[in-house]
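Hello,

Here is the structure we talked about.

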Amino acid sequence: MKHNSSTLKLMAAAAFGALAILSAPAAEATENSQSRVPLFTGVGPAIAGSVNQEDMPSKAIHFLEHHFANISVSQCVKDYDDNAYEVDLANGTDIEFDSKGEWREVEAPDGEALPYEVVTKLLPRRAYATLKDRGYNDSVESVKRGRGGYVVEFTNNLDVTTDYTFDNAGHLLGMID
């Protein structure tokens with residue numbers, strides 16, 4: 001999955017924790033010196049952490065059961081900043097949910113496309129029909145949903161270098177390079 005805010009926060013927390021561990025000997029040396037300048041050697045507040053699938057909002061659980069019933073969850077992480085969830089499935093599919101359990105992004109494993117059965121359920125009928133008419137319905141790598149509509153990204157093996165954007169009704173708004 002592309003580095004989203006949750007992933008970047010996890011990476012930053014890991015780096016910060018490593019820095020704190022590496023600076024511990026320096027802190028001891030400082031305490032033994034006469035200046036006694038305290039160095040931060042602890043770990044900061046948790047910004048994300050693993051949770052059980054059952055701890056997610058019921059809407060998110062229902063989404064997984066409905067769209068990915070035969071695929072197990074390999075990891076579920078809660079971002080404590082915005083109470084969002086990132087779910088990694090055993091087949092490599094990544095799904096992001098907001099704090100209410102509404103899906104924000106569904107992304108296929110690297111180099112693969114989402115099954116068209118899933119894409120038809122994620123997008124408005126009109127948007128899916130546009131993709132199908134253009135021959136792209138079997139090449140959708142990810143679907144992102146926001147307040148203004150949807151962004152569809154395609155797999156690299158397709159000669160499409162743009163993402164398609166649709167409004168909430170499924171009208172094609174444009175293409176992004």
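Glu102 and Lys59 form a salt bridge, with their closest N and O atoms 2.3 Å apart. (A salt bridge here is a side-chain nitrogen of Lys or Arg within 4 Å of a carboxyl oxygen of Asp or Glu.) Glu102 sits in the loop between strand E4 (94-97) and strand E5 (103-107), and Lys59 in helix H3 (residues 58-67), so the pair ties together parts 43 residues apart in sequence. Helices (H or I, at least four residues) and strands (E, at least two) are DSSP runs, numbered from the N terminus. Lys59, Glu102 and Arg145 are linked in a salt-bridge network.

This is a predicted model: local features need pLDDT of at least 70, side-chain atom pairs count only at pLDDT 80 or more, and totals for chains, interfaces and linings use all residues. Residues are numbered from 1 along each chain as its sequence is written, and side-chain values use heavy atoms, without hydrogens and water.

The structure holds 4 salt bridges. Arg104 meets Asp82 at 3.7 Å, N to O. Arg104 lies in strand E5 and Asp82 in the loop between E2 and E3, so this pair ties together parts 22 residues apart in sequence. Lys144 pairs with Glu153 at 3.0 Å between the closest N and O atoms. Glu153 is buried at 8% relative accessibility; Lys144 is partly exposed at 27%. (Buried is under 20% relative accessible area, exposed over 50%, partly exposed in between; 1.4 Å probe, protein chains only.)

Asn83 has a positive phi of about 55 degrees, although it is not a glycine.

Mean pLDDT, the predictor's confidence in each residue from 0 to 100, is 79.

Best wishes
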